[in-house]
Each structure stands twice: as C-alpha cells, then as structure tokens.
Amino acid sequence: MHGNETSRPELERRLVAMVRSSSHLIAALLAVRSLGLDSLCIGAGAVRSLVWDALHGFETPSVLEDVDVVHFDRKVLGPEQDAYLENRLRAIMPTVQWEVTNQATVHQWFASNLGQLVHPLGSLEEGVATWPEFATVRASREAQPDQSEFRHLPATCEIEAV
C-alpha cells in the first residue's frame, strides 16, 4: 500500500457508513429485500452518486434517474420476471424509476440486442464485475434478511476511484 492509500477494510467501513446514512438508499434496499430473492443488489448510479455526494460534502443528494437492481436466478430466464419485479418495487416506492436485471439472462440480451455472443454468467458477483464503467461498479446488499448490516460485493469497494 502506498502512503495515502486507504485499506480495503477502511473503504468498506466508509461505504457501509455512507449507505446507512442515506434514508433513501436504505428505503430502496428494504424494498428490494421485500422481493425475497436470494441473490440481488442495488448498484451503479445509486451507489456511485451516494459516494460522490459524500466525498464532495453535498448536503442535498444527487437526483437519481433510476435505481439499478440486479439479481441472479437461473430458474427464471425471461424478461417478464424482471418487469414483474419492477412493478412490485414501483408499488412500494412509486417515485423511483426501477430497472431490474437478472444477470443470468444478460447473455440473451447481448445476443438479441447487440448480436454478440457472450457466455452465460455464473453469479451475481460475476455479472457486476463485467459492468463497463469502473466508477459505476458499485453495489450494496443486505448481508442477511434479518440483520441490519449491509455489505458490498467483493469487487466494488473502490471509493477512491470516484
């Protein structure tokens, strides 16, 4: 580690503190938890903006265009399930523009929308690790449904990059 670098545990602690300090993100996480899925998270802009605002001392949170929810479910392989989950989330928090994506189906999206063949992903973590913008590769999810602790996905706690 170089002189002014922060340790991974310290970055994780800071990220968790930022998440806990955001009533909007906590409400969104609780809404997502209510879906009852085993493997899911909120990522991208919602978490990136939270970190950006905290690091720059903004008292008013940045306006979010959407909240990206990603999950991994090999048993459900159609876009209908994602639309159903978005509708459930809209019923809980109607002012949020939800975008739900099953990472188990991303390879199908690439094939049908871009004509690209990609291998199916094996996990939620593998899916998040493929996101193209490094600064937006952020995710938070609850550690256990019955706990109030949140954790980040392994490759996502790079606060200093924001």
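Reader: Leaving aside neighbours within four places in sequence, with which residues is L89 in contact?

Author: The model is a predicted one. Contact here means heavy atoms within 4.5 Å. With neighbours within four places in sequence left aside, the residues in contact with L89 are A31, V32, L35, V69, W98 and V100.

Reader: Which residues have the most contacts inside the largest nonpolar core?

Author: In soluble globular proteins, nonpolar side chains tend to be buried together. The largest such core in this model has 24 residues. Those with the most contacts inside this core are L25, I42, V69, L89 and W98.

Reader: How far does α1 reach from its first C-alpha to its last?

Author: α1 has 14 residues. At 1.5 Å a residue, the expected value is 20 Å. The computed reach is close to that, at 20 Å.

Reader: How wide an arc around the axis do the buried residues of α1 cover?

Author: The buried residues in α1 are L11, L15, V16, M18 and V19. An α-helix has 3.6 residues a turn, so residues three or four places apart point the same way.

Reader: Which exposed residues does the face of α1 turned away from its buried side carry?

Author: Exposed means over 50% relative accessible area. On the face of α1 turned away from the buried side, the residues that are exposed are P9 and S21.

Reader: Why is β2 largely enclosed by the rest of the structure?

Author: In a regular strand the side chains alternate between the two faces of the sheet. From β2, V67, V69 and H71 point one way, D68 and V70 point the other way, and all are buried. β2 is therefore largely enclosed, the number of its five residues that are buried being five.

Reader: Which residue in β2 is the bridge partner of L40?

Author: β1 and β2 run antiparallel and are joined by four bridges. In β2, the partner of L40 is H71.

Reader: Which residue in β3 stands opposite V67?

Author: The pairing of β2 with β3 is parallel, over five bridges. β3 has an uncovered face, E99 and T101, and a covered one, W98, V100 and N102. The residue of β3 opposite V67 is W98.

Reader: What separates the C-alpha atoms of G45 and V67?

Author: G45 lies in helix α3 and counts as buried, at 13% relative accessibility. Leaving aside neighbours within four places in sequence, G45 is in contact with L64 and D68. G45 and V67 are 22 residues apart along the chain, and their C-alpha atoms are separated by 7.1 Å.

Reader: What is the angle between the planes of W109 and F110?

Author: One aromatic pair is found in a search of the whole structure, and W109 and F110 form this pair, at 5.4 Å centre to centre. W109 is partly exposed, at 45% relative accessibility, and F110 is also partly exposed, at 24%. Planes over 60 degrees apart count as edge-to-face. The pair is edge-to-face, with an angle between the planes of 90 degrees.

Key:
Residues are numbered from 1 along each chain as its sequence is written. This is a predicted model: local features need pLDDT of at least 70, side-chain atom pairs count only at pLDDT 80 or more; totals for chains, interfaces and linings use all residues. Side-chain values use heavy atoms; hydrogens and water are left out. A nonpolar core is a set of buried Ala, Val, Leu, Ile, Met, Phe, Trp, Tyr and Cys residues joined through side-chain atoms within 4.5 Å. Buried means under 20% relative accessible area, exposed over 50%, partly exposed in between (1.4 Å probe, protein chains only). Helices (H or I, at least four residues) and strands (E, at least two) are DSSP runs, numbered from the N terminus. The expected span of a helix is 1.5 Å times one less than its number of residues. Two strands pair if DSSP finds at least two bridges between them. Rings of Phe, Tyr and Trp (its six-membered ring) pair if their centres lie within 6.5 Å; planes under 30 degrees apart count as stacked, over 60 as edge-to-face and the rest as tilted.
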